[in-house]
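Here is a friendly walk through a protein model, for a reader who has the structure open on the screen.

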Amino acid sequence: MNDFNVLVVDDEKEIRDAIEIYLKNEGITVVQARDGIEAIEKLDEHPIHLIVMDIMMPKLDGISTTFKIREQKNIPIIILSAKSEDTDKVLGLQIGADDYVTKPFNPLELIARVKSQLRRYVTLGTYEGKTNLINLNGLTLDKEAKEVAINGDSVKLTPIEYKIVELLMSYPGRVFSINDIYERVWKEPSYNAENTVAVHIRKIREKIEIDPKNPRYLKVVWGIGYKMEK
C-alpha cells in the first residue's frame, strides 16, 4: 500500500489525526482537510488516490463535496458520518460515494475498507497512473484504443454509443440524468433529448447485454437516469 495518498476530510482534528496514524502504519500517506472547500483545494495540490469524507462539516458538507468531486474525478470516496440513518447512506452512495462507515468506527474495519477500495481502484483500471482500462465484471473499456469488449469479445459501437459507455463506465454506480448524458456526449444543450438518449441506450444494451430486457450492466434508475452497474 506504499505510494498511495489518502485525503482525510473531517472538521474534528482528533479524528483526522487518529485516521492518519492508522493509515500511516499501513504505509499510506495522509493529507488532511478540515472541510469540503479545503478538500477540493487539496485535490488540486496533491495526487490523491482515495478520500475518507465526513458528512457533517461547516462551509461545505460531505454530500455536496462528493457531488462536486464526482463532476471531475472518479477516485474512491468513503463516507464517514456519525449518522446511521439509511437515508444518509443511500444519498451518499447515489451521488457517487463508494462505501460508507459509521462513527464510532472500528479502526481495523476502516483500514480494510480503505485497502479494498484502493485495490479496486487499481484493478478496475480507473487508476489513471496505472492503466487506461476499465473492467466491470467482464465488460471492458480501453480508453486509449477506444474499444469495448465483453469477456474478451470485441463489441462494435458507433462513436456516440462508445462515448455514452465511456461516460457511464468512468463513473460506475453513479446515476446520470438524460440531460447530463446528452450534454456531455453531444456537447450541446439538452432539449427534448429523452428519445434520442433512450434509442442509443437500447442499441447499446442490444450489443453488450445477454438479455437486454434484464440488463446486467446498463441499468435504468426510474425517474432519474441511467448508470453502469459496478
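The largest nonpolar core has 29 residues, and Ile181 and Met228 are those with the most contacts inside it. At least two residues of this core come from each of β6, β7, β8, α6, α7 (178-186), α8 (194-208) and β11 (225-228). Helix α6 gives the most, with 6 residues. Please keep in mind throughout that this is a predicted model.

Leaving aside residues up to four places away in sequence, methionine 228 touches Leu136, Leu139, Val165, Leu168, Met169, Pro172, Gly173, Tyr217 and Leu218. There is also a second, separate core, made of 20 residues, including Val31, Met53, Ile75 and Ile77.

**The antiparallel sheet**

Strands β6, β7, β8 and β9 form, in that order, an open sheet of 4 strands with antiparallel pairing. At its edges are β6 (133-136) and β9 (153-155), each of which pairs on one side only. On average, and with direction ignored, neighbouring strands here are turned by 25° against each other. Inside the sheet, β7 (residues 139-142) and β8 (residues 147-150) are joined by 4 bridges in the antiparallel sense.

**The parallel sheet**

The model has an open sheet of 5 strands as well, with parallel pairing and the order β2-β1-β3-β4-β5. Its edge strands, β2 (29-33) and β5 (99-102), have a single partner strand each, so one side of each is left without a neighbour in the sheet. Neighbouring strands of this sheet are turned by 20° against each other on average, direction ignored. Strand β4 (residues 77-81) pairs with β5 in the parallel sense over 4 bridges, and leucine 80 has valine 101 as its bridge partner in β5. Helix α1 (residues 13-24) packs on the sheet, where it touches β1 (5-9), β2, β3 (50-54) and β4. Helix α3 packs on the sheet too, touching β3 and β4.

| α1 | β2 | about 170° |

**Helix α3 and threonine 66**

Which residues of α3 are buried? They are Gly62, Ile63, Thr65, Thr66, Ile69 and Arg70. Viewed down the axis of α3, these buried residues fall within an arc of 165°, so they line one face of the helix. An α-helix has 3.6 residues a turn, so residues three or four places apart point the same way. At the start of α3, a side-chain oxygen of aspartate 61 comes to within 3.0 Å of the backbone nitrogen of isoleucine 63.

Threonine 66 sits in helix α3 (residues 62-70). Why does threonine 66 count as buried? Its relative accessibility is 0%, and buried means under 20%. The side chain of threonine 66 reaches the backbone oxygen of glycine 62 at 2.8 Å. Not counting residues up to four places away in sequence, threonine 66 touches Met53, Ile77, Ile79, Ile95, Gly96 and Ala97. Two of these names, Met53 and Ile77, also belong to the second core.

Definitions and conventions
Residues numbered from 1 in each chain as written. Predicted model: local features only at pLDDT ≥ 70, side-chain atom pairs only at ≥ 80, totals over all residues. Heavy atoms only, no water. Buried < 20%, exposed > 50% of the residue type's maximum accessible area, 1.4 Å probe, protein only. Polar contact = N/O pair within 3.5 Å; in protein donor to acceptor, adjacent residues only side chain to side chain. Contact = heavy atoms within 4.5 Å. Pairing = 2+ DSSP bridges. Axes fitted to C-alpha atoms, helices over the stretch in contact; angles between N-to-C directions. Arc of directions from axis to C-beta. Core = buried A, V, L, I, M, F, W, Y, C linked by side-chain atoms within 4.5 Å.
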